[in-house]
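Here is a short report for a reader meeting this structure for the first time. Take a look at the sequence and the model, then read on.

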Protein chains: 2
Amino acid sequence: MNRPLAALAELVGAEHVLTGERIAPEYGHDEALTVAARPPAAVVRPADAAEVAQILRLATEHRMPVTARGSGSGLSGAAVPHPDGLLVSFERMNRILEIDTENHVAVVQPGVTLSQLDEATAAHGLVYPVSPGELSASLGGNVATNAGGMRAVRYGVTRTQVLGLEAALPTGEVIRTGGKLTKSSSGYDLTQLIIGSEGTLALVTEATVRLYPRPPHQSTVLAPFRTVDEVARVVPKVVASGLAPVILEYIDAFTMAAITHTQQLELGIPAEVRDSAQAYLLVLLDSRHADRLDEDTEQLGELLTGLGAVDLYVLPGAAARKLVEAREKAFWTAKAAGANDIIDVVIPRATIPEYIRITAEIAKRHGSHVLGCGHAGDGNVHLAVFQADGEVRSALLRELFEASMKLGGLISGEHGIGRAKARYFLELTDPATVALMRRIKAAFDPEGILNPDVLLRSP
Amino acid sequence: MNRPLAALAELVGAEHVLTGERIAPEYGHDEALTVAARPPAAVVRPADAAEVAQILRLATEHRMPVTARGSGSGLSGAAVPHPDGLLVSFERMNRILEIDTENHVAVVQPGVTLSQLDEATAAHGLVYPVSPGELSASLGGNVATNAGGMRAVRYGVTRTQVLGLEAALPTGEVIRTGGKLTKSSSGYDLTQLIIGSEGTLALVTEATVRLYPRPPHQSTVLAPFRTVDEVARVVPKVVASGLAPVILEYIDAFTMAAITHTQQLELGIPAEVRDSAQAYLLVLLDSRHADRLDEDTEQLGELLTGLGAVDLYVLPGAAARKLVEAREKAFWTAKAAGANDIIDVVIPRATIPEYIRITAEIAKRHGSHVLGCGHAGDGNVHLAVFQADGEVRSALLRELFEASMKLGGLISGEHGIGRAKARYFLELTDPATVALMRRIKAAFDPEGILNPDVLLRSP
Ligand SMILES: Cc1cc2nc3c(=O)[nH]c(=O)nc-3n(C[C@H](O)[C@H](O)[C@H](O)COP(=O)(O)OP(=O)(O)OC[C@H]3O[C@@H](n4cnc5c(N)ncnc54)[C@H](O)[C@@H]3O)c2cc1C
Ligand SMILES: Cc1cc2nc3c(=O)[nH]c(=O)nc-3n(C[C@H](O)[C@H](O)[C@H](O)COP(=O)(O)OP(=O)(O)OC[C@H]3O[C@@H](n4cnc5c(N)ncnc54)[C@H](O)[C@@H]3O)c2cc1C
């Protein structure tokens with residue numbers, strides 16, 4: 001280990017290679033609830049793509065595991081380093097290189113955070129629409145996890161927004177993919193292949209992302225329903241209406257009570273409504289025109305009432321913002337409430353009612369609690385799992401994932417597989433697909449240095 | 001060759017293995033202007049995914065080249081078979097398996113054509129929005145070329161619409177990717193990797209694609225401008241307006257004259273306007289509300305007039321449809337006018353004025369003519385190249401592609417690289433990227449049987 005460390009120090013400067021006591025505890029973990037923290041052999045903080053490429057070349061030569069780290073807000077343990085490996089932290093590569101107002105794109109280094117980008121684009125009346133719950137997340141981390149969030153139902157996920165990448169390969173080469181181009185048919189789409197690959201194929205050193213005009217008018221509607229089943233049945237109807245909501249979330253009553261309580265949110269919902277509502281639908285509409293927004297909000301209200309909403313609340317700006325924020329913090333609320341794991345299966349939107357019925361039954365059978373909310377418009381169901389016994393929980397999770405796949409779904413809609421779910425992924429995915437993914441992994445990373453315990457668990 | 005042919009006959013039925021005289025001439029070509037027709041050793045017409053997989057297994061065993069064919073409307077020669085190989089024609093796999101109105105998706109076999117799907121979705125008030133100029137094209141071909149077309153500026157290209165695939169691998173396995181899912185973060189995105197791979201990685205045996213509500217109201221605006229430069233400068237402004245046009249095309253005066261002439265289209269544009277206009281902008285807007293459409297059309301008119309439009313024509317329904325159709329047929333018009341090649345570079349939208357200036361200069365230097373139109377909102381410039389001398393034309397094309405790449409563009413926005421442009425692609429793409437693509441190709445296709453002369457020209 002000493003020889004490569006000396007070479008690394010020479011490469012990036014000794015002050016940017018941290019070992020032993022100098023490794024701060026946060027480098028040892030992300031926010032996954034079930035993956036134990038462990039420090040890497042060394043933290044390296046490169047300044048540019050050339051340095052990243054050299055680090056990878058060296059790591060390949062010495063067969064040292066390498067884990068990339070953005071902001072460490074991931075929920076799958078994919079940024080937890082290997083104890084004998086390097087953690088490449090992108091904290092110094094944190095510049096917005098360009099806001100191109102003509103082509104509506106931003107070019108950013110991977111360490112740029114979502115809140116940093118939001119501030120910069122707002123100044124131009126533009127918006128980068130991906131909005132996972134944690135705005136301290138980095139764009140590099142977003143690309144690697146294919147981050148989603150509440151606005152995906154209108155704008156799509158990270159995959160939809162990233163037009164080009166610069167990436168360093170384990171072979172020590174730097175490639176550029178795509179560009180300020182909304183489309184192309186010029187060879188394999190390496191951009192899309194790297195997106196969502198959880199740091200196992202290449203390290204992202206720059207990203208070109210789409211921007212959109214920031215619509216000035218917004219309205220937020222909260223509708224309580226008698227049952228989760230009812231609320232879930234409403235979702236395809238709202239999508240079909242053509243109202244094109246920006247947010248379309250369901251929140252079960254327990255989660256609603258918990259997030260409004262912890263965030264001290266007073267929404268003015270009478271007790272009798274609260275008592276009869278087992279679930280809520282949260283819808284955000286926007287428009288370039290105030291009058292169209294009013295009209296759309298009214299149409300939405302009529303639609304929801306017709307479909308069984310117990311009541312309707314058009315939330316004023318401040319309350320709406322707070323409720324959206326509280327929903328974004330649902331993870332912390334669940335964690336504080338003692339949730340043992342948080343998962344985010346994705347299923348065909350219209351099967352949510354069925355899936356929720358099945359989860360309740362699976363939970364009951366295992367003497368566990370499973371509660372949640374979800375990006376309903378995307379079929380992305382977030383569940384907090386309460387079951388302290390690791391073995392029981394494993395069996396339960398496996399059944400929850402299996403049930404999702406039986407409905408045509410997958411294990412994760414946006415959090416990724418990481419370390420936390422690699423075992424279930426490998427057990428439940430068809431062997432031909434896993435074998436193909438392993439061959440693709442080898443095409444990028446012949447020595448298997450990049451995040452070897454993540455996703456495919458390369459030998 | 002006889003042994004594998006006998007095995008094929010056993011597999012799919014002798015009547016579905018065509019050789020010699022029984023091979024109709026159209027199996028030997030697609031619509032590329034520069035790739036010579038040549039028949040394959042045999043045409044095979046499988047009935048289902050299992051048969052496709054068995055054909056591939058056999059071909060891998062015998063190292064026989066395999067080319068997939070949809071409708072043969074491709075413009076890059078990627079469906080032109082190898083003379084010693086098999087042409088797998090998907091004509092029998094042409095069923096729409098499902099129109100799922102709850103999840104807003106269609107599940108189709110690869111031989112389904114765009115017009116077939118359009119008819120089926122219209123019955124449900126839904127639309128599959130990808131609309132390349134040739135509606136006889138198959139969905140399998142669309143997936144393999146990542147087809148675009150005029151509506152991509154609003155809806156995105158094929159890549160945006162395909163949520164899942166079933167595909168047969170050269171190893172003889174059948175895999176399923178994605179599903180009725182608008183997002184996922186569960187392993188490498190094989191769907192996206194196969195899209196645009198021009199039949200070189202896997203054969204698509206089924207696709208799950210997104211559907212959208214079909215907006216009832218449309219208006220079409222045609223605006224003449226004094227110069228191509230002027231019209232190209234208007235494009236980013238229309239995109240920034242938030243009007244979200246469905247179509248945003250530029251058409252140069254020569255192309256306009258040619259397409260209106262061949263299609264016998266009378267748009268009522270006075271001679272003096274025609275004489276002063278070197279280029280036209282064609283914009284289609286749509287809406288769920290007639291009054292909003294009127295308002296938007298007015299706003300668009302004001303915007304275009306303010307930016308120098310010589311005049312404005314809001315086309316009545318029939319004329320609008322005819323003009324859009326005529327534009328779709330621009331390829332046939334150019335071919336009839338004697339164009340020697342048609343290319344479709346993609347560049348950052350805002351660089352179109354500069355690119356068009358450069359192309360004029362390159363054309364002049366080579367004593368050639370280069371004229372065109374384009375999916376301007378996407379930065380996708382379609383150029384008809386008039387230069388009969390093959391060597392001069394090669395030098396000219398190389399410069400046109402190089403100029404695109406210098407502006408941050410790529411060789412093809414939607415037609416693909418195929419056989420026609422493989423040479424330029426390999427010359428102009430950075431070697432590390434080509435080498436990585438070759439390793440990915442090998443991960444799918446170890447013996448290099450799939451379309452070996454296309455894109456990467458595997459040895
Ligand atoms: C309260 C809370 C709410 C959340 N809500 C959402 C939500 O709604 N939707 C959602 O999608 N996610 C959500 N997340 C998860 C998290 O924010 C996202 O996964 C985010 O994309 C992680 O970004 P990061 O910079 O923190 O990445 P990290 O945690 O640092 O890393 C995540 C993965 O990316 C890799 N990586 C990081 N940088 C690079 C790089 N430059 N090149 C290659 N690989 C790299 C890492 O190796 C790891 O595999 C939430 C998290 C929290 C704590
Ligand atoms: C008049 C005209 C206008 C056009 N306008 C446009 C336009 O605006 N935008 C646009 O994008 N294109 C356009 N095209 C090109 C063409 O229509 C598209 O490329 C279309 O996607 C080809 O579909 P196809 O079924 O004809 O494919 P084919 O020509 O049969 O094949 C094209 C490629 O797909 C592969 N392929 C076919 N089926 C499969 C399968 N099942 N699995 C794997 N690979 C397969 C073939 O091997 C080949 O590589 C136009 C063509 C014409 C003639």
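## Around A:Phe444

Setting aside neighbours within four places in sequence, A:Phe444 is in contact with A:Leu169, A:Pro170, A:Leu190, A:Leu193, A:Ile194, A:Leu201 and A:Ala202, and also with B:Leu436 and B:Ile440. The model is predicted. A:Phe444 belongs to the largest nonpolar core, which has 168 residues. A:Phe444 and B:Phe444 have the most contacts inside that core. In soluble globular proteins, nonpolar side chains tend to be buried together.

## Domains of chain A

The domain assignment of chain A lists four entries, tabulated here.

| Domain of chain A | Residues |
|---|---|
| Domain 1 | 2–91 |
| Domain 2 | 96–213 |
| Domain 3 | 217–331 |
| Domain 4 | 338–418 |

The centres of domain 1 and domain 3 of chain A, taken over C-alpha atoms, are 42 Å apart.

Strand 17 of chain A covers residues 369–375. Is this strand mostly covered or mostly open? It is mostly covered: six of its seven residues are buried.

Strand 17 of chain A pairs with strand 13 of chain A, residues 247–252. The sense is antiparallel, over two bridges. Here A:Ile251 has A:Cys373 of strand 17 as its bridge partner.

Strand 17 of chain A also pairs with strand 18 of chain A, residues 380–386. This pairing is antiparallel too, over seven bridges. A:Gly372 has A:Leu383 of strand 18 as its bridge partner. Strands 17 and 18 of chain A form a hairpin with four residues between the strands. In that hairpin, A:Gly379 takes a positive phi near 70°.

Technical notes. Residues are numbered from 1 along each chain as its sequence is written. Chains are lettered from A and ligands numbered from 1 in the order in which they are written. This is a predicted model: local features need pLDDT of at least 70, side-chain atom pairs count only at pLDDT 80 or more; totals for chains, interfaces and linings use all residues. Side-chain values use heavy atoms; hydrogens and water are left out. Buried means under 20% relative accessible area, exposed over 50%, partly exposed in between (1.4 Å probe, protein chains only). Two strands pair if DSSP finds at least two bridges between them. Domain bounds come from an automatic or database domain assignment. A nonpolar core is a set of buried Ala, Val, Leu, Ile, Met, Phe, Trp, Tyr and Cys residues joined through side-chain atoms within 4.5 Å. Contact means heavy atoms within 4.5 Å.
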